Amino acid sequence: MGTTPAVPAKRGRELAELILAESGRAGLGPGSRLPTERRLAADLGVTRSGIRLALAALEADGLISREVGRGTFLRDAAAGALAAARRDGPDASEAASAHDDDGPGGGDEPADHRGRPAAPDFAPADVMTIRRLIEPQALPLVVLWATTRDFAEMERCVAGGDQAASYEEFETWDLALHRGIIAAAHSPLLVALYGVVESARHGQVWGDLKRRSATRQRREFYQQDHRAIVAALRARDTDAAVEAMRAHLARVAGHLLGETH
């Protein structure tokens with residue numbers, strides 16, 4: 001019995017970049033409504049599952065909003081990406097054609113959703129070690145500097161994780177939440193350093209291991225952890241936030257690497 005191949009997270013990011021590029025060249029701006037999933041899939045020559053993952057990535061990045069019964073709209077945050085797309089030549093569609101399959105391959109030069117060269121794959125154990133060094137230690141800064149808007153973004157990402165319909169969508173929101181927590185420290189250097197960690201989480205080795213370890217029950221555990229972290233940060237309780245983050249990362253390490261905690 002055949003199965004439909006899953007759409008890798010990196011593939012969704014590439015499609016997200018292409019949707020933004022096509023929107024920019026079409027003259028769309030913040031507040032404009034995007035075509036339907038069916039139309040985007042037909043125009044770009046990909047499956048609707050790929051489009052759904054791309055839209056989830058754009059939503060997690062705060063570039064679009066999806067309103068039930070109305071459609072999908074570009075947000076103000078997309079203005080910079082749209083402007084860059086208008087400056088680019090019309091070659092993005094041709095470049096994307098090399099990636100229009102939904103298999104795990106596609107392209108000789110891997111890149112992230114902003115077109116930068118992707119970081120090499122790092123061992124998942126190495127990624128977890130660095131995450132456990134950086135993320136809990138960043139939380140005192142988050143407690144000190146996070147704004148109401150930062151907390152709203154965290155809550156948006158947690159809600160997105162609750163509503164995720166697939167493993168790929170959940171991972172997109174998971175990444176967005178951890179990125180948003182680090183961003184709430186309001187340290188450009190920390191954000192830049194964490195960008196390498198996030199890039200590593202887009203790698204194939206990490207993604208394959210995470211997918212193999214994923215279950216619905218584990219997703220629910222992760223969401224419980226996420227809510228505990230955000231609640232502690234919102235309460236400005238540094239000790240509780242640090243402990244919640246450490247417990248969460250220990251849980252992830254246990255699921256991925258078989259570590260006991």
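Where is H186 found? H186 lies in the loop between α8 and α9. This report covers a predicted model.

## The chain as a whole

The secondary structure comes to 12 helices and 2 strands. From the N terminus on, the order of elements is α-α-α-β-β-α-α-α-α-α-α-α-α-α.

The chain has 261 residues, and 44% of them are buried. Residues 24 or more positions apart account for 74% of them.

Strand β1 covers residues 64–67 and strand β2 covers residues 71–74. The two strands run antiparallel and are joined by 4 bridges. R66 has T72 in β2 as its bridge partner. S65 stands opposite F73, also a residue of β2. In a regular strand, side chains alternate between the two faces of the sheet.

The hairpin has 3 residues between the strands. G69 in this hairpin takes a positive phi near 85°.

E37 sits in helix α2, which spans residues 37–44. How exposed is E37? Its relative accessible area is 22%, so E37 counts as partly exposed. The cut-off for buried is under 20%.

Leaving aside residues up to four places away in sequence, E37 touches R48, I51, R52, L55 and R66. E37 and R48 are 11 residues apart in sequence. Their C-alpha atoms are 6.3 Å apart in space.

## Helices α8 and α9

Helix α8 covers residues 167–183, and helix α9 covers residues 188–201. Their axes come within 10 Å and cross at roughly 165°. Angles over 145 degrees count as roughly antiparallel, so α8 and α9 are roughly antiparallel to each other. The crossing of this pair is right-handed.

From α8, the contact takes in E171, D174, L175, H178, R179, I182 and A183. From α9, it takes in L190, V191, Y194, E198 and R201. By class, the α8–α9 contact has 6 nonpolar, 1 polar and 5 charged residues.

## H178, a buried residue of α8

Is H178 buried or exposed? H178 is buried, because its relative accessible area is 1%. H178 belongs to α8, and it is one of the α8 residues that meet α9.

Which residues does H178 touch? Not counting residues up to four places away in sequence, they are R131, E135, Y194, R201, H226, M245 and H248. Y194 and R201 are in the α9 side of the helix contact. H226 is a residue of α11.

## Helices α7 and α11

Helix α7 spans residues 148–163, and α11 spans 216–234. The axes of α7 and α11 come within 10 Å and cross at roughly 165°. The two helices are therefore roughly antiparallel to each other. Here α7 passes α11 in a left-handed crossing, whereas the crossing of α8 and α9 is right-handed.

In α7, the residues in contact are F151, A152, M154, E155, V158, G161 and D162. They meet Q223, H226, R227, V230, L233 and R234 in α11. The residues of this contact divide into 6 nonpolar, 3 polar and 4 charged. H226 meets α7 here, and H226 is also touched by H178.

## Positive phi in two loops

H186 has a positive phi of about 55°, although H186 is not a glycine. The loop that holds H186 lies between α8 and α9. H186 is partly exposed, because its relative accessible area is 47%.

What phi does R236 have? R236 has a positive phi of about 60°, and R236 is not a glycine. R236 is placed in the loop between α11 and α12, the latter being 238–257. R236 is partly exposed, because its relative accessible area is 39%. The hairpin has a positive phi too, near 85° at G69.

Methods:
Residues are numbered from 1 along each chain as its sequence is written. This is a predicted model: local features need pLDDT of at least 70, side-chain atom pairs count only at pLDDT 80 or more; totals for chains, interfaces and linings use all residues. Side-chain values use heavy atoms; hydrogens and water are left out. Buried means under 20% relative accessible area, exposed over 50%, partly exposed in between (1.4 Å probe, protein chains only). Contact means heavy atoms within 4.5 Å. Two strands pair if DSSP finds at least two bridges between them. Axes are lines fitted to C-alpha atoms, for helices over the stretch in contact, and angles run from 0 to 180 degrees between N-to-C directions. Angles under 35 degrees count as roughly parallel, over 145 as roughly antiparallel, 65 to 115 as roughly perpendicular and the rest as oblique. A crossing is left-handed if the near helix is turned anticlockwise from the far one by less than a right angle, and right-handed if clockwise. Ala, Val, Leu, Ile, Met, Phe, Trp, Tyr, Cys and Pro count as nonpolar, Asp, Glu, Lys and Arg as charged, and the others, Gly among them, as polar.
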